[in-house]
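Me: I would like to go through the terms used for this model and see what each one rests on.

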Amino acid sequence: MQTIHWKINEQQSNKFVYQQAAELLRNGECVAFPTETVYGLGADATNQAAIQKIYEAKGRPSDNPLIVHIASRDQMDAFVASYPQKAIKLMEKFWPGPLTVILPLKKDSLASNVSAGLSTVGVRMPDHPVSLALIKEAGIPVAAPSANRSGKPSPTSASHVIEDLDDKVAGIIDGGATGVGLESTVIDCSTEIPVILRPGGITKEQIEQVIGSVELANNDTKETEKPKAPGMKYTHYAPKAPVYLVEGSKAFWQKEINKVEAAHKKLGILATKELLDGLTTNAVTQTTGSIESMEEIANQLYKGLRAFDHAEVDIIFAEVYSETELGVAVMNRLEKAAGNRRISE
């Protein structure tokens with residue numbers, strides 16, 4: 001398949017881009033586009049064959065449900081069965097934004113492979129001018145997981161999407177680098193006590209300020225269980241080389257680095273400027289920014305992980321962060337990338 005590439009130009013009208021891309025979506029094709037979190041791979045959420053193309057392009061397991069993206073809240077009425085009061089409060093506070101709300105699904109309202117056969121559906125309204133304009137122009141709800149090959153680090157630029165999906169999808173809209181850099185928070189509001197199924201850009205603390213106490217799910221979905229949200233069951237966000245989370249002092253880091261380099265293995269290190277400063281190493285280093293800014297760390301995480309594939313490293317050491325507020329989401333992604341491999345002092 002020949003993929004059409006568009007680049008959004010802030011100095012001129014992009015109406016033609018949106019018209020072309022929206023027509024492809026309405027005709028059952030897949031189009032990648034930027035959101036404020038990561039790039040998404042979109043298709044018509046009501047079209048079974050179109051949704052199947054997402055799974056095929058990504059190599060995504062068929063029991064992994066998709067999130068439906070909308071441009072206005074009235075679009076949900078066609079496929080959402082009911083709106084719990086707490087869900088309404090969250091939508092009013094955080095939409096548009098990086099929050100996916102899981103709601104009861106109207107029977108036969110969407111393609112069944114969107115929800116992977118579940119009776120619920122995840123919905124969000126992205127906070128990005130390109131995605132909102134595209135969805136509005138298409139006039140349909142757009143199901144969109146991250147626009148990468150399944151299991152790899154999510155794409156935060158159009159070049160990442162091209163690397164993974166060029167010639168596998170109908171179109172890619174280049175809208176520049178994404179902002180948050182991590183996927184949306186997913187909260188299940190179909191239960192009496194809402195449960196955060198995947199931490200993301202909206203923190204547990206922010207949510208609890210709006211609706212009171214919520215639970216944080218254990219992300220170890222069993223092999224026989226269907227995941228209720230993306231990111232719960234399968235290995236995700238992983239580069240080619242094995243990732244190890246390294247927890248300890250700078251002296252401990254130096255000792256572990258020396259071991260790897262003595263074995264003549266090519267090492268990659270993903271860490272903050274503060275940790276990298278003073279280490280003696282021949283490793284390929286990728287900085288996530290400053291330890292003072294968890295927002296910067298989140299934004300740079302996937303870019304750093306992807307860079308190690310190009311450098312062809314043998315092993316990756318990644319810094320461990322405090323699991324508070326946005327750090328919960330950062331560590332969720334790192335633990336998935338590492339498959340729980342950890343080296344501790």
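**Helix packing and local features**

Me: Why are H9 and H10 called roughly parallel to each other?
Reply: H9 (residues 294-311) and H10 (residues 326-338) pack at an angle of about 20°, and angles under 35 degrees count as roughly parallel (over 145 roughly antiparallel, 65 to 115 roughly perpendicular, the rest oblique), so H9 and H10 are roughly parallel. Their axes, lines fitted to C-alpha atoms over the stretch in contact, are 9 Å apart.

Me: Which residues of H9 and H10 meet?
Reply: Contact means heavy atoms within 4.5 Å. Among those of H9 are Met294, Leu301 and Leu305, and they are joined by residues of H10 including Leu326, Val330 and Ala337.

Me: How is the model to be read?
Reply: This is a predicted model, in which local features need pLDDT of at least 70 and side-chain atom pairs count only at pLDDT 80 or more, while totals for chains, interfaces and linings use all residues. Residues are numbered from 1 along each chain as its sequence is written, and side-chain values use heavy atoms, with hydrogens and water left out.

Me: What makes Cys30 buried?
Reply: Cys30 has a relative accessible area of 3%, and buried means under 20% (exposed over 50%, partly exposed in between; 1.4 Å probe, protein chains only), so Cys30 is buried.

Me: Why is Glu325 called partly exposed, and Asn340 exposed?
Reply: The relative accessible area of Glu325 is 49%, so Glu325 is partly exposed. Asn340 is at 62% and therefore counts as exposed.

Terms used. Axes fitted to C-alpha atoms, helices over the stretch in contact; angles between N-to-C directions. Helix = DSSP H or I, 4+ residues; strand = E, 2+ residues; numbered from the N terminus.
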